[in-house]
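Thanks for coming, everyone. Let me put the structure up on the screen, and then we'll walk through it together.

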Amino acid sequence: MNTPASCSLPEAPVPGAEAAAGPLARLMAFLRARRWGRKSVIGIPYVFLVLFFSLPFLVVLKISVSEADGVQFKDIFEFSDGTLLMRLHLSNYQFLATDPLYLRTYAWSVCYAAINTVICLFIGYPFAYFMTKARPSLRPILVMLVSLPFWTSYLLRIYAWKGLLDDHGVINNLLVWLQLVDEPLKMMYTPYSMMIGMVYTYLPFMILPLYGTLVKADPRLLEAAGDLGTTPWKAFWLVTVPLSKAGIIAGSMLVFIPSVGEYVIPELLGGPQTLMIARVLWDEYFQNVDWPMASAVAVTMIGLILVPLVFFNRYQSGVQGAGADDEPHAAGGAA
Amino acid sequence: MAAMTPAAAGAATPAAAAPAAYDDSAFLRVDRLTKRFGEVAAVDEVSIAIRKGEIFALLGSSGCGKSTLLRMLAGFETPSSGGIYLEGQEISRLRPFERPINMMFQSYALFPHLTVWENVAFGLKRHKQPRERIEAQVERMLNLVQLKPYAQRKPHQLSGGQQQRVALARSLALEPRLLLLDEPLGALDRKLRAQTQFELSSIIKSVGVTCVLVTHDQEEAMTMADRMAVMSHGSFVQVGAPREIYETPANRFVADFIGTVNLFEGVLVEDESDHCVIETPAWRFYVGHGITGVMGQKLSVALRPEKVELSTQPPPRTDVNCLHGRVVEGAYFGASSLYRVALGDGNRLQVSVPNSERHGEVIKVGTEVYATFSADALVVLVS
C-alpha cells in the first residue's frame with residue numbers, strides 16, 4: 001500500500017494529512033500546469049524586444065506621420081467636441097514615393113546590397129568549401145581565423161582600408177615607388193572602394209553559415225554520384241551545391257539585409273555616386289533636422305527589408321518542419 | 001571428397017592464398033591486390049576469380065579488409081599494388097565514374113534533394129541517354145523493386161526497407177557488369193532482414209548481374225552467396241561454397257568463425273587410408289577418413305553442435321565417439337534447443353537438438369547425458 005507521500009508531488013502535504021495543500025503549493029501547481037515556468041523564461045527576451053524594439057519602432061512610425069511643431073510634434077490624436085480626430089501626415093511618404101532622388105537611392109541601396117551578396121557568395125563559397133576539405137584538426141583554427149576580424153573594431157577596419165586605398169596610402173605609395181604608375185591611382189571615394197569595404201566586412205557572415213552547412217555534408221553522396229557516372233566537377237554542381245542551399249540562403253540573408261542599411265562604409269569609402277539610404281537618413285536627421293521625413297525614410301527602409309526577412313523566416317520554418325530528416329530511418333549512418 | 005580435407009588442412013598458411021582459381025576466362029579477376037595504409041596492409045595480396053553471374057560474398061569481422069577490397073573494386077581507393085581485371089580489362093586505375101560497376105551503399109546514400117524517380121534516373125541522365133529510354137528504364141527498375149507508386153516521394157518520406165529498394169533500383173539502372181553491395185542488410189531490423197535476403201537475391205538472379213557483397217553477418221553471406229570468402233587481417237582464409245565452408249572448414253579460425261563449433265585438441269594415434277583416430281586425455285575420436293599425418297601429431301577435431309545426439313542411456317559403445325557429462329545449461333530457441341554439457345575433462349560441449357516434437361523430451365539441467373556422433377561428423381584441423 002502506498003502512503004500518500006510516496007506517490008505525490010514533492011511539495012505534497014504532510015504524509016497522512018488530509019488537510020488541503022498550502023496556498024503556495026497550490027499556486028505552484030497551478031503555474032506548472034499552465035507552463036508558466038517556460039513562458040516566463042521565453043517572456044524575458046520577448047519583453048526585452050517589445051520594450052527596446054517594438055516600442056521605439058512605433059515611436060518612429062508615429063513621428064513619420066506627424067508634423068513638426070518647433071522642437072515638438074503635433075499630436076496625432078485630438079479630442080474636441082466629443083470627436084476623436086486622427087491626423088496622419090502622409091505627405092512625407094508621398095514625397096518618398098515620387099521623388100526621383102529617394103527612389104534612386106533606395107534602388108541603388110538594394111542594388112549595392114545585392115552585388116555585395118553575390119560577390120560574397122562567389123568568394124565565400126570556395127572559401128567555406130576548402131575549409132571543409134582541411135584536416136579536421138585544422139578546421140577550428142580556420143574558423144577562428146575567419147571570425148578574427150570581429151575581435152577588432154569595425155570602424156578601425158574601415159579606416160584601415162582608407163589607409164590602404166588613399167592617394168597617399170600604402171598601395172599607391174608602393175606602386176609609385178615601384179614606378180609602375182606615374183601618378184597615384186584614384187581608388188578612394190568610388191563605388192569600387194565601397195564594394196571592397198563591403199565585401200571585406202561581410203565576407204565572414206557568408207562564410208560561416210556556408211561552412212556550417214557544407215561541413216555536415218555526407219561524403220558518401222559524392223561517392224554515390226561518382227559511382228553513377230558523374231565527374232567530381234559535375235557532382236559538385238549536382239549534389240554539393242543543391243544540398244548547401246540552406247547555407248547559401250542563410251549567408252545571403254545575413255549579408256543582404258544589413259547591407260541595405262549600411263552607413264559607415266559608403267560614408268568613409270564611398271563617394272557622391274554611392275549615395276545609400278542610410279546616408280540619406282542621416283542627412284535628414286542631422287542636417288535637415290527633419291525628423292518626420294527621416295522617420296518616414298527609416299520606416300520605408302524597414303519595409304524594404306521586411307520582404308526578404310519574411311521569405312527567409314518562412315524558408316527556415318519550412319526546413320525545420322520537414323525535420324531535415326535526410327538519414328535512413330533505420331540506423332544506417334556512418335557504420 | 002575425403003582427400004580434399006587433409007590437403008586443405010595440411011596447409012599451415014591460409015588455404016586460399018594459393019591462386020588455385022586462376023582462370024583467364026574469369027569474369028572478374030583480382031590479382032594479388034594489396035592496399036597499404038602506412039605500415040599496415042588492410043588488404044594483403046588477395047587473389048580471386050569470380051564467375052559471371054555469381055554472387056560472391058566477402059565475410060569477416062570489422063577491420064578484416066573486406067570493405068577496403070570492395071572500395072578498390074568500386075574505384076574509391078587505389079590499390080598499392082596488384083590488379084583488377086574485368087572481362088580481361090585492367091580497371092584498377094580507372095576512376096569510379098569510368099567503371100561499368102555500380103555500388104549499393106550501406107547507408108544507401110540516396111540524394112535527399114531528389115525524388116525516388118530522379119534518384120534512379122540520376123546515372124542514366126549522366127550517361128546522356130535519350131529521354132524515352134530513361135523513362136522506360138526507370139519504370140522498369142521501379143517495377144522490379146515494386147516502388148512505382150512512390151516515384152514522386154523524397155527519400156526521407158520512405159521507410160528503411162523502401163529506401164533500400166530505391167538504392168538497389170538506382171544501382172541496377174545502369175545495367176552494370178558488376179554490382180557491389182556494402183552490407184546490404186546491415187541497416188534493416190531483424191524481421192525485415194530475413195524477408196529481404198530472399199527478395200534481394202531473387203532480384204539479382206533475375207537480372208543476372210555478377211555481384212560481390214560484403215558483410216559481417218554469416219547468415220546473410222550463407223543465404224545469399226553462391227560462393228563466399230572468409231577474410232581476416234586482409235587475406236582470404238578460406239574460399240568456397242557456403243556448405244563447404246561450414247562443413248569442411250580449413251582451419252580453427254574458420255571453424256570457430258562460422259556458426260558454433262566444439263573443438264578438441266588431441267594427438268594422432270592411428271592413421272590408415274580409411275580412418276584415423278585422435279585421442280585427447282579423456283576421449284577417443286574415430287574419424288571416417290585418413291589424413292596423411294605423423295604419429296603423435298597435435299591436431300584439433302571440430303564437431304558441430306547439431307551433429308551430436310544426446311541420450312540419458314549409454315550407447316552400445318562408450319569408448320569411441322562418445323562423450324559423457326552433465327547438462328549445465330539449456331536454452332530454448334523455438335526451433336531447436338541448445339544444451340551445454342560439462343564434460344569430465346572440464347570442456348564444455350555444445351549440442352543443438354531440434355525440437356521435432358511439440359511435447360518432446362526436455363533434458364533438465366543436472367542430468368547425466370551421453371553425447372554420440374558419427375565418424376563422418378568430425379572434421380580434422382591441423383591449424
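This is a predicted model: local features need pLDDT of at least 70, side-chain atom pairs count only at pLDDT 80 or more; totals for chains, interfaces and linings use all residues.

**Where chains A and B meet**

Start with the contact between the two chains: 23 residues of chain A and 27 residues of chain B take part in it. Look at the chain A side. The largest share comes from α9(A), with six residues.

Now chain A as a whole. The secondary structure of chain A has 14 helices and four strands. Chain A has 335 residues, and 23% of them count as buried. Next, the contacts within chain A. Take those with a separation of 6 or more: 65% of them join residues 24 or more positions apart.

Over to chain B, and one residue in particular. B:Ile245 sits in helix α8 of chain B, residues 242–247. Is B:Ile245 buried or exposed? B:Ile245 is buried, because 27 other C-beta atoms lie within 10 Å, and the cut-off for buried is 20 or more.

Which residues does B:Ile245 touch, once neighbours within four places in sequence are left aside? B:Ile245 is in contact with B:Met228, B:Val230, B:Gln238, B:Gly240, B:Val254 and B:Ile258.

One last distance. B:Glu118 is 127 residues from B:Ile245 along the chain, and their C-alpha atoms are separated by 42 Å.

That's the tour. Over to you.

Terms used. Residues are numbered from 1 along each chain as its sequence is written. Chains are lettered from A and ligands numbered from 1 in the order in which they are written. Helices (H or I, at least four residues) and strands (E, at least two) are DSSP runs, numbered from the N terminus. A residue is buried if 20 or more other C-beta atoms lie within 10 Å of its own, exposed if 12 or fewer, and partly exposed in between; C-beta atoms are placed from the backbone. Two residues are in contact if their C-beta atoms, placed from the backbone, lie within 7 Å.
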